[in-house]
Amino acid sequence: MDVKSKISRLKNNQDGKTLASNMVYLSLLQIASYLFPLITMPYLARVIGTEGFGKIAFASAIITWIQTIADWGFNYTATREVAKNRENQEMVSIIFSRVLWARCVLALFSLVVLTGLVFTIPQFHENALIIFFTYLLIPGHIFYPDWFFQAIEKMKYITILGVLFRLIFTLSVFIFIKEAEDYIYQPLLVSFGYLCSGLVALYFILIKWKVKLRAVPLKEIWLTIKGSTNVFINNLMPNLYNSFSVILLGTFCTKAHTGLYDTGKKFTTLSNTAISVISRVFFPFLSRRIDKHKFYSIFTLSIAAAVSLVLVISAPWLVPWYFGTEFVGATPVLQITAPAILFVAASEVYGTNYLIVNRYEKTMRNITFTSSLLGFAISFPLVLNFQHIGAAIVFSTSSFASALLSYIYYIKLKTK
């Protein structure tokens, strides 16, 4: 049966209607996610310059580690468990409470570690203010449990909140950021938006859907954390080549090099976010209907391949036209990282949305560990010798390794 026929059949059943609805809402959210940054990025590029972008990227790379620790893989394991128990209100309340308190404990622990690093590492101490401003994303991220909306397949609420607060943030950029020194306000504005949307999200969860927030013993919190450790490692390890390359750039190279890498990778990052959204829409569905995996894989990989090709071809005029001539050095970064859109999509298709859905978390952990260790090993010589170009090569190489290993294990399991 061809893809068109499968789409038609999906439309005629409840699962298909739910998928279509969620895809529409998250597509609207993605349009907003693309549109609003596309409006602000040229303005920010011209106002704060490569050095300002570099400082923001440096702080973001550090906080990425903290966010990964606070998430601890719950965005997949908790989503899967709520999706399977969503008709059981009592069980949903228990899962939600355990995850929320576990994330709070992990965020507090991370803040203590981060504070120690800021006061002991000179490069961190130099950028202490923007690092702590960027850390404010973490409580906002915790209180905005998008994983829960994903699990119950109510993407409409994420979309409304996301679009509203992205609009507010976009307007705030033009109001508060007027000169290069104002770069410090960018993470503060983003954090404020997350905190506000998080409070509204909690209202819907606790009041509208009557999910009960319970006190959870420390032993249960520990068991909840322990149960998601394999997925956590899988989420953490890519930081060894992704955000770690940015930290290397910010520590041993100039902030301008960091800014060029971050700028050149913007379109790749936005595209990977779109692929991630498709993955998130299908994840709870595939948890119930793994027989639809082939349709999902064709759909996702086709989109990723097309976007990768367009960005590689258009990069030489897109980067200077969009960011300004000061950022022309970011062009090769985009051309090197754009193919990784396809690689990341393949990792989502054959790894996250097949191996993890089928509870092969350890296999996925080993895949990610291997590809990340490769990226970590090659990051030192490549970044130190080729700066932002080296960081781009590290990112694409590691992404390719992850995609290849995910596909190999997928074939092995399919042919068992």
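This is a predicted model: local features need pLDDT of at least 70, side-chain atom pairs count only at pLDDT 80 or more; totals for chains, interfaces and linings use all residues.
Residues are numbered from 1 along each chain as its sequence is written, and side-chain values use heavy atoms, leaving out hydrogens and water.

**Nonpolar surface patch**
- Leu-167, Leu-171, Ile-175, Phe-176 and Tyr-185 make a nonpolar surface patch of about 490 Å² (Shrake-Rupley method, 1.4 Å probe).
- Helix H9 (residues 155-176; helices are DSSP runs of H or I, at least four residues) gives the most to this patch, with four residues.
- Phe-176 lies in helix H9 and is partly exposed, with a relative accessible area of 47% (buried is under 20%, exposed over 50%, partly exposed in between).

**Aromatic pairs**
- The whole structure holds 23 aromatic pairs (ring centres of Phe, Tyr or Trp, the last by its six-membered ring, within 6.5 Å).
- Phe-58 and Phe-124 have ring centres 5.9 Å apart and planes at 85°, so they pair edge-to-face (planes over 60 degrees apart).
- This pair joins Phe-58 in helix H2 (residues 14-71) to Phe-124 in helix H5 (residues 122-126), 66 residues apart.
- Phe-58 is buried at 0% relative accessibility, and Phe-124 is buried at 9%.

**Charges over rings**
- The charged end of Lys-265 sits over the ring of Phe-395, 4.3 Å from its centre (NZ of Lys or CZ of Arg within 6 Å of the ring centre and within 35 degrees of the ring normal).

Notes
Rings of Phe, Tyr and Trp (its six-membered ring) pair if their centres lie within 6.5 Å; planes under 30 degrees apart count as stacked, over 60 as edge-to-face and the rest as tilted. Helices (H or I, at least four residues) and strands (E, at least two) are DSSP runs, numbered from the N terminus. Buried means under 20% relative accessible area, exposed over 50%, partly exposed in between (1.4 Å probe, protein chains only). Patches are made of residues with over 30% relative accessible area and no salt bridge: like charges are joined within 9 Å, nonpolar side chains (Val, Leu, Ile, Met, Phe, Trp, Tyr) within 5 Å. A salt bridge is a side-chain nitrogen of Lys or Arg within 4 Å of a carboxyl oxygen of Asp or Glu.
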